[in-house]
Amino acid sequence: MSENADIYRIHTQDGREIVLIGTAHISQVSKELVRETIEQEKPDTICVELDEGRLKSIQDPDRWKNTDLKEVIKKKQLATLIANLVLGSYQKRMGEQTGVKPGSELKEAVDIANEQNIPMVLADRDIKITLKRTWACTRWYRKFSLLGGLFASIFDKTEISEEDLAKIKEQDALNSMMQEFGKTFPEVKQVLIDERDQFLASRIKNAPGKKIVAVVGAGHAKGITGIIENNKELPSEESISVIPKSAPIWKIIGWAIPIAIIASIIFVGYQTGVQKAGELSLQWALLTGGGAMLGTIIAGGHPLTILVALVVAPFTGLTPLIGVGFFTALTQVYMRPPRVQEMETLSDDVWQVKRWWKNRVTRVILCFLCPGIPAIIGKILAIFKIYQAF
């Protein structure tokens, strides 16, 4: 390690030198350190803790404002967008308190690489894969707590002091909000930190040239250094970039419940007559559809969106493949497409609950999230009614 505690020097077995800079993503000092180090070291290659998508976001921060919400919903990527929005807005808010845009030191490294024609390696795993693996690797009964912690951060108004900034330097920007979850959610730490340490180490270790400068979040620096110095065996990038599939039992249960519901209604109809089966079917439609409709009204949905919730929920309640929120969000974005200025203020509006119903983007998100829980409650009540009919 050099005299600067934020710089790690690694000498590999094949005679190459890796200069690792551990940074805080909202620190002016880190930004200056990156330029100073690269100019002094004159590396053959620069590695940055970015993936293709985040690189584009840094180079063109307004690009996301042109996001086509219709396509996002159709590709079933709205949940990922919400997570990205909360994380990105959290970082932006911290950056506003310190006066530095999040990722400024990474952009500095990219700019220097372009200015001086130095080859650059994007060393991080795609953030969409990281978020999806985090969700997939979290046990089902912990997901509610994970979501609760994520959205609790929206109401956290804590100001960042210089002491807090020093602590943030010991974390990575992506997991600064979720670091504490590692104690309760070891699976989160495994995906957000440990796996990314391995991924980053692999990319940095395999970067071309005799001297490499790598710019990474301070929370990854020690892990990467230990992996490369000890020449630890690394898993393949493919193995830690695959989204784990859910256990077959959940697919079986997912289909068994609606099949049992339909079979029960048919059986009751066979035993007591078609009229009773019709009553149970109507109760199912009213309870599930009514619940989804209530959730959509709370979300401030367009009248047609409310109608779609009422009509669609009884059918989505009988399939594990898709939820009512997909249809309500899609209808809402068609009926009330977001305006440009609403995309521009989105990262600020998300932190103020009173603005959720004023911004058309957040209202689409509400129309995605709100119908589901009342529809599930209606579903449970309808199943209880069917049980009573026996």
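Reader: Which residues of H10 meet H11?
Author: This is a predicted model. On the H10 side, the residues are Leu192, Ile193, Arg196, Asp197, Gln198, Leu200, Ala201 and Ile204. They meet His220, Gly223, Ile224, Ile227 and Ile228 of H11.

Reader: At what angle do the axes of H10 and H11 cross?
Author: The crossing angle is roughly 55 degrees, and the two axes come within 9 Å. H10 is therefore oblique to H11.

Reader: Is that crossing left-handed or right-handed?
Author: The crossing of H10 and H11 is right-handed.

Reader: Let us turn to H14 and H15. How do they pack?
Author: Helix H14, residues 303–316, and helix H15, residues 324–335, pack at about 160 degrees, and their axes lie 9 Å apart. Angles over 145 degrees count as roughly antiparallel, so H14 and H15 are roughly antiparallel to each other. Their crossing is right-handed.

Reader: Now H2. Which of its residues are buried?
Author: In H2, which spans residues 52–59, the buried residues are Arg54, Leu55 and Ile58. They lie on the same side of H2, because they cover an arc of only 105 degrees around the axis. In an α-helix there are 3.6 residues a turn, so residues three or four places apart point the same way.

Reader: You mentioned H6. Is Arg133 buried or exposed?
Author: Arg133, which is found in helix H6, is buried, with a relative accessible area of 7%.

Reader: What does Arg133 touch?
Author: Leaving aside residues up to four places away in sequence, Arg133 touches Arg125, Val191, Glu195, Ser239, Ile240, Ser241, Val242, Ile243 and Pro244.

Reader: Finally, the whole chain. How many helices and strands are there?
Author: The protein chain has 19 helices and five strands. Of its 390 residues, 46% are buried. Among contacts between residues at least 6 apart in sequence, 78% join residues at least 24 apart.

Terms used: Residues are numbered from 1 along each chain as its sequence is written. This is a predicted model: local features need pLDDT of at least 70, side-chain atom pairs count only at pLDDT 80 or more; totals for chains, interfaces and linings use all residues. Side-chain values use heavy atoms; hydrogens and water are left out. Buried means under 20% relative accessible area, exposed over 50%, partly exposed in between (1.4 Å probe, protein chains only). Helices (H or I, at least four residues) and strands (E, at least two) are DSSP runs, numbered from the N terminus. The arc is that of the directions from the helix axis to the C-beta atoms. Axes are lines fitted to C-alpha atoms, for helices over the stretch in contact, and angles run from 0 to 180 degrees between N-to-C directions. Angles under 35 degrees count as roughly parallel, over 145 as roughly antiparallel, 65 to 115 as roughly perpendicular and the rest as oblique. A crossing is left-handed if the near helix is turned anticlockwise from the far one by less than a right angle, and right-handed if clockwise. Contact means heavy atoms within 4.5 Å.
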